Amino acid sequence: MNVYLDNNATTMVDPAVYEAMIPFFSEVYGNPNSLHRFGTQSHPAITQAINQTYKAIGASDNDDIVFTSCATEANNWVLQSVWIDHILHGDKNHIVTTEIEHPSVLSTCKFLEDQGVKVTYLPVNDQGIVEAHTVKAFITDKTALVSIMWANNETGMIFPIAEIGEVCRQKGVLFHTDGVQAVGKIPVNLQEVHVDFMSMSAHKFHGPKGIGALYIRDSQPLSPLLHGGDQMGGRRSGTLNVPYIVGMGKALELATTDMEAKMSAIRAKRDRLEDALLGTLEDVFTVGDRSNRTPNTILISIRGVEGEGMLWDLNTALIGASTGSACASEDLQANSVMLAIGADNELAHTGIRLSLSRFTTDEEVDYVIDRFTHAVKRLRAISSSYAIVQPTEGGAAAACGIHH
Amino acid sequence: MAKNDLLGGSLWDQYSNKVTTLMNNPHNQGEITQEECDSAGHTLIVADFGAESCGDAVRLYWAVDPQTDTIVASKFKSFGCGTAIASSDMMAQLCIGKTVQEAVKITNIDVEMSLRDTPDVPAVPPQKMHCSVMAYDVIKKAAGLYLGVDEASFEEEIIVCECARVSLGTLREVIKLNDLKTLEQVTDYTKAGGFCKSCIKPGGHEAREYYLVDILSDVRKEMDEEKMRAAADAGIHGNFETMTLVQKIKAIDSIVDESIRQFLIMDGGNMEVIDIKDSPDYIDVYIRYLGACSGCASSSTGTLYAIEATLKEKLSQKIRVLPI
């Protein structure tokens, strides 16, 4: 049985979304900015996608939602343009973010630091989130922007966006949230929270890859990142990616219709999987309070089993999961989220993330419980952490040697 | 960056078949107990290297025949990724049948080479080379325990590049002998920095004690200093032409003080050295007359010839003296 439990990385395109996209490749292919009928033929579908998107996140008609190529573009856009508008051409010089943002935020912040911007990277608490009072304490009169994710990709932990938004509103500081792991997974209503900018990405909620969006409250000023033919009201140039915009709207509609029911169905499977693993295996624990987690995510630490080794065994069992283990990354850098939560360094090397979707079945959950347990058993049998014979006197290892 | 780097290969696709086979079914995984060794008259050695908090740890077990120092049995336990398991397994395998003294000579390169499917294709991608280095480290640890010596005594030199096992001494020597100027040259000549790349400069996947970039700049600096010292030594021994500018000024000043100034002062004048310019054929010494000399008729004839002749005789035939 093939089981895909890496839905925080990307998701399957819902067949209904794919269906909706098909006409806009070879039938309705005109450029929507052309005057002729070939171009305008796509307008109803684009309008529908725009309406679906506004409705799904509770945007008002005074707000802008600009389609982008991905959330990485949206994140880069906000950070780089706030830098240009409020730091280079303003009197601000400071950005507040967290240690555990997505690389598209962290790397852009590092780039801005190279340009002379001061960036504060807030640490997370043992639940893996940043509290509003922490944010408040670090905002100065030089702060141009606060950028904090709505939910974390590794842990699924949900940040107090309403409170942080209120702090930013009171302080008169712009607030951007990377909503990639929240939109389509948990209720996101921008009528109820104060957010100036929000990034999102279709492929995290069963839409296609290569399409995302940036929400901009009250159509407020933000210099474009992409200059050109003034598409999207001049906010983001580039020919509209019609089939993907249609797909994103459809996917968002599907994800947010009857959302409570969808969430509780996923949560039931997630909880069953989590309970089974915690109940069957010794020396394992999961990160973060379930009630404040996206309903599809488990981050589990397995003592004595290195993450990449575990991923290897799961892959052999045809299960796709993910690890924050340093070993599995190209650069061997220890995972920032794991280290940030950091009560125990070991967690950085033993964490396995299982992320479900509305397409995950009960049979798949059963299969994963069985194979996961089996893999832990095999690897613990090899693991030095579970060895019985102790080192010869003088043979114990010192703490981290030079190699790590 | 080029076409082949656009997608970036899958880490796992770069493992050799031997690596994947041993990852799935390590042959030498397990423990050796004191009871087993006691009954066979063997010495049990158990050594750890690494730690879970570092990301990988290995425990090596040897049953050694004390009569011959031969490793009769060798097993391992590993907390690590698949390549750590495969490397440990191969390492344990390579120890069997060797004496402890022979086993110490097993290097990470031996382990990695034994894991290759074909001799010229690496068994693991660069960032996994360190797994075989751990295997090498734990052998030294075990051997040190058995022989009752410090494991550091097996390490003849400071190793800068663990992957290619290039020592600090080798690097310094090669840079000097070949007058290497760039990091690329250093890698070409020594292979250091060619694998996991973490020894090239800070910021790689692991922190290092020595970095190639620092070694190169230190050695280059030393080479420059040596050149200067050579020039200075040459100066002391009277070779004016190879002296540094400052040495030349000092040398001229001392000749002026010694043999020239007194005659000028007697006539109510003086002089100072303004500048020295080297060209292939001449060393031009610019001087300025002071006091009575500045208006004196012979300052551009007899006096000037006398100054030039003295400097030529004492220092170099290439000297020309030019009053300004």
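## Exercises on a predicted two-chain model

A:Ser301 stands opposite A:Gly351 in S13(A). The model is predicted.

**Exercise 1. How many of the 5 residues of S13(A) are buried, and which way do they point?**

Step 1. Sort by direction. A:Gly351, A:Arg353 and A:Ser355 point one way. A:Ile352 and A:Leu354 point the other way. Both sets are buried.

**Exercise 2. Describe helix H10 of chain B: its span, its kink and its buried residues.**

Step 1. Check the span. H10(B) covers residues 245-266, which is 22 residues. From first C-alpha to last it reaches 30 Å, close to the 32 Å expected at 1.5 Å a residue.

Step 2. Look for a bend. H10(B) has a kink of about 55°, centred on B:Ile260.

Step 3. List the buried residues. They include B:Lys248, B:Ile252, B:Val256 and B:Leu264. An α-helix has 3.6 residues a turn, so residues three or four places apart point the same way.

Step 4. Find the cover. Strand S6 (269-278), strand S7 (283-291) and helix H11 (302-314) of chain B are among the elements over these buried residues.

Step 5. See what comes next. B:Gly268 follows H10(B), and its phi is positive, near 80°.

**Exercise 3. In what order do the strands S6, S7 and S8 of chain B lie, and which helices lie across them?**

Step 1. Order the strands. The 3 strands make an open sheet, S6-S7-S8, with mixed pairing. S6(B) and S8(B) (319-323) are the edge strands, each pairing on one side only. On average, neighbouring strands of this sheet are turned by 30° against each other, direction ignored.

Step 2. Inspect one pairing. S7(B) and S8(B) pair in the parallel sense over 5 bridges. B:Val285 has B:Val321 of S8(B) as its bridge partner.

Step 3. H10(B) lies across S6 and S7 of chain B and runs at about 155° to S6(B). H11(B) lies across S7 and S8 of chain B and runs at about 150° to S8(B).

**Exercise 4. Is B:Met91 buried or exposed, and what does it touch?**

Step 1. Locate it. B:Met91 is in helix H3 of chain B, residues 82-95.

Step 2. Count neighbours. B:Met91 has 29 other C-beta atoms within 10 Å. The cut-off for buried is 20 or more, so B:Met91 is buried.

Step 3. Name the contacts. Leaving out residues up to four places away in sequence, B:Met91 touches B:Val111, B:Ala135 and B:Ile139. B:Asn108 is 17 residues from B:Met91 in sequence and 8.5 Å away in space, C-alpha to C-alpha.

**Exercise 5. A:Ser219 and A:Leu318 are not glycines; what phi does each have, and where does each lie?**

Step 1. Take A:Ser219. Its phi is positive, about 50°. A:Ser219 is in the loop between strand S8 (212-216) and helix H9 (242-256) of chain A. It has 13 C-beta neighbours inside 10 Å, so A:Ser219 counts as partly exposed.

Step 2. Take A:Leu318. Its phi is positive, about 70°. A:Leu318 is in the loop between H11 and strand S11 (319-320) of chain A. It has 12 C-beta neighbours inside 10 Å, so A:Leu318 counts as exposed.

**Exercise 6. How many residues of chain A and chain B are in contact?**

Step 1. Count both sides. 35 residues of chain A are in contact with 43 residues of chain B.

Step 2. Find the main contributor on chain A. Helix H11(A), residues 307-316, gives the most to this side, with 4 residues.

Step 3. Sort by class. The side of chain A that touches chain B has 14 nonpolar, 16 polar and 5 charged residues.

Note on methods. Residues numbered from 1 in each chain as written. Chains lettered and ligands numbered in written order. Predicted model: local features only at pLDDT ≥ 70, side-chain atom pairs only at ≥ 80, totals over all residues. Contact = placed C-beta atoms within 7 Å. Helix = DSSP H or I, 4+ residues; strand = E, 2+ residues; numbered from the N terminus. Nonpolar A, V, L, I, M, F, W, Y, C, P; charged D, E, K, R; others polar. Expected span 1.5 Å × (residues − 1). Bend = angle between axes of the 7 residues up to and from the residue. Pairing = 2+ DSSP bridges. Axes fitted to C-alpha atoms, helices over the stretch in contact; angles between N-to-C directions.
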